[in-house]
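Keep the structure open as you read.

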Amino acid sequence: MTTVFVVNSGSSSIKWELLDAESGSAYSGGIVERIGEPGGGAANHDEGMQQILAVLGDEHPAVVGHRVVHGGAEFSEATVITDEVEARFDELSVLAPLHNPENLKGIRAARAAFADVPHVAVFDTAFHATLGPAAYTYALDATVAREHGIRRYGFHGTSYRYVANKAAELLGHELAGLKLIVFHLGNGASVCAIDGGRSIDTSMGMTPLEGLVMGTRSGDIDPGVLFHLGRAGMTLPQLDQLLNRGSGLLGMTGTGDMRDVQAAADGGDTTAQEALAVYFHRLRHYLGAYLVALGGADAIIFTAGVGENSPTTRRETVSGLGGFGIELDVHANSRSSSQARVISRHDSAVKILVIPTNEELQIAREAVDAAGL
Ligand SMILES: Nc1ncnc2c1ncn2[C@@H]1O[C@H](COP(=O)(O)OP(=O)(O)O)[C@@H](O)[C@H]1O
Ligand SMILES: CC(=O)OP(=O)(O)O
Ligand SMILES: [Mg+2]
């Protein structure tokens, strides 16, 4: 038994779990929310971490695993955190301003609290280290791109690694022989084409802003829009705020929560209906692209908050694709469950799966391995 303390320190919350890396069973866990807000769970990340430590009491983990969103080109696998490594994260914050600075606060507080055990960083970007140059290169001036480290990285890799292995189990095949398209649809959302366990393309890019429509992020837009708004007087911080926090479902409808948008659409709200149409259109765009990138798929997989719980989203993504061997079982799709399951018809050439992700367990396993325990 190896007890691991997993910390996912985000912009306004710290999610944590204490679990056994071998069995996967969680002993305890929780979330300190709305950090820094009036009436929130804590004044700052340090205070939040102190609260969590108080809940942990006498528990003493063998290793601490930290989610770090951006590992840049340098970190392609889980890494034991030293002072030097921590200093490098500071520099990477520029690449993921929404995520990395908060990850780092969690690391600092936890390293101070558990000074005598190894701390391991597990990166969202690491799974995509297998992307080839054609997939990761932006067609920019090569000198500018090199000088500023501009390329695509991809995110949600910890979730993709976990889900891909689960899919292989569920399908009863070796991962090495499978072509998978995985939709990770949470607040942040992306999709990944996985060939034999290797990421060959993914919708997020240099930052977690590219690709799908998200809760508050626009995903793909014509970069010319930014020049247009800049000429109209918007500043860089305003544009950043607009695309990262004020767009997506929130920007189009006033709420970034898929449950609320669906409820409004079901109630006849045309703004919500149109926003969902945009969201689904983008999902289908990437489904088509990745079917071709892989040369066909063995399975299409849905995971994270929306992917696991929204039958409408799954149906809208794959409907009308019988000609591609993609046949949803509408009854299986509608049934709610927290289990990994098949939701395609028996005669569907391409299997459709729902697999609840477990980033905490994946982080715990990788932390144990990297620490050599
Ligand atoms: N039953 C449901 N139907 C539709 N959407 C849901 C349902 N349950 C959760 N969601 C959506 O899942 C999203 C949050 O996903 P989650 O993976 O928890 O996000 P994150 O970890 O990125 O914060 C929210 O948009 C939420 O509305
Ligand atoms: C990378 C990313 O978008 O993460 P999250 O979904 O947690 O915002
Ligand atoms: Mg998530």
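Start with strand β4, residues 63–68, which is mostly covered: six of its six residues are buried. Buried means that 20 or more other C-beta atoms lie within 10 Å of a residue's own; exposed means 12 or fewer, partly exposed is in between, and C-beta atoms are placed from the backbone. Strands (E, at least two residues) and helices (H or I, at least four) are DSSP runs, numbered from the N terminus. This is a predicted model, in which local features need pLDDT of at least 70 and side-chain atom pairs count only at pLDDT 80 or more, while totals for chains, interfaces and linings use all residues. Residues are numbered from 1 along each chain as its sequence is written, and chains are lettered from A and ligands numbered from 1 in the order in which they are written.

Val63, Gly65 and Arg67 point one way. Val64, His66 and Val68 point the other way. All of them are buried.

Now find the partners of β4. Two strands pair if DSSP finds at least two bridges between them. Strands of a sheet pair through backbone hydrogen bonds, either parallel or antiparallel. Strand β1, residues 3–9, pairs with β4 in the parallel sense over four bridges. Val7 stands opposite His66 there. Strand β6, residues 119–123, also runs parallel to β4, and five bridges join them. In β6, Val120 is the bridge partner of Gly65.

Go back to β1 and follow the chain. A hairpin of four residues joins β1 to β2. These two strands pair in the antiparallel sense over seven bridges. Ser9 has Ile14 as its bridge partner in β2, and Phe5 stands opposite Leu18. Why is β2, residues 14–20, largely enclosed by the rest of the structure? Five of its seven residues are buried. Next comes β3, residues 26–32, which runs antiparallel to β2 and is joined to it by six bridges. Leu19 has Ala26 as its bridge partner in β3. The hairpin of β2 and β3 has five residues between the strands, and Gly24 takes a positive phi near 85° in it.

Six of them form an open sheet in the order β3-β2-β1-β4-β6-β5, with mixed pairing. β3 and β5 (79–80) stand at the edges with a single partner strand each, so one side of each is left without a neighbour in the sheet.

Next, the core. A nonpolar core is a set of buried Ala, Val, Leu, Ile, Met, Phe, Trp, Tyr and Cys residues joined through C-beta atoms within 7 Å. The largest one holds 92 residues, and those touching the most other members include Val4, Leu180, Ile301 and Ala367. Helix α11, residues 270–294, gives the most to this core, with nine residues. The core draws at least three residues from each of domain 1 and domain 2.

Residues are in contact if their C-beta atoms, placed from the backbone, lie within 7 Å. Leaving aside neighbours within four places in sequence, Ala367 is in contact with Val4, Val63, Gly65, Ala78, Val120 and Val122.

The protein chain is divided into domain 1 (3–123) and domain 2 (173–354). Such bounds come from an automatic or database domain assignment. The domain centres, taken over C-alpha atoms, are separated by 27 Å. Five residues from domain 1 and four residues from domain 2 make the contact.

Finally, the ligands. A residue is near a molecule or strand if its C-beta atom, placed from the backbone, lies within 6 Å of it. Ligand 1 has 13 residues around it, of which Gly186, Asn187, Met258, Gly305 and Asn309 come nearest. Helix α12 gives the most to this shell, with four residues. Val306 is found in α12, residues 304–309. Val306 is buried, with 26 other C-beta atoms within 10 Å. Setting aside neighbours within four places in sequence, Val306 is in contact with Leu185, Gly186, Met258 and Thr313.

Definitions and conventions:
Two residues are in contact if their C-beta atoms, placed from the backbone, lie within 7 Å.
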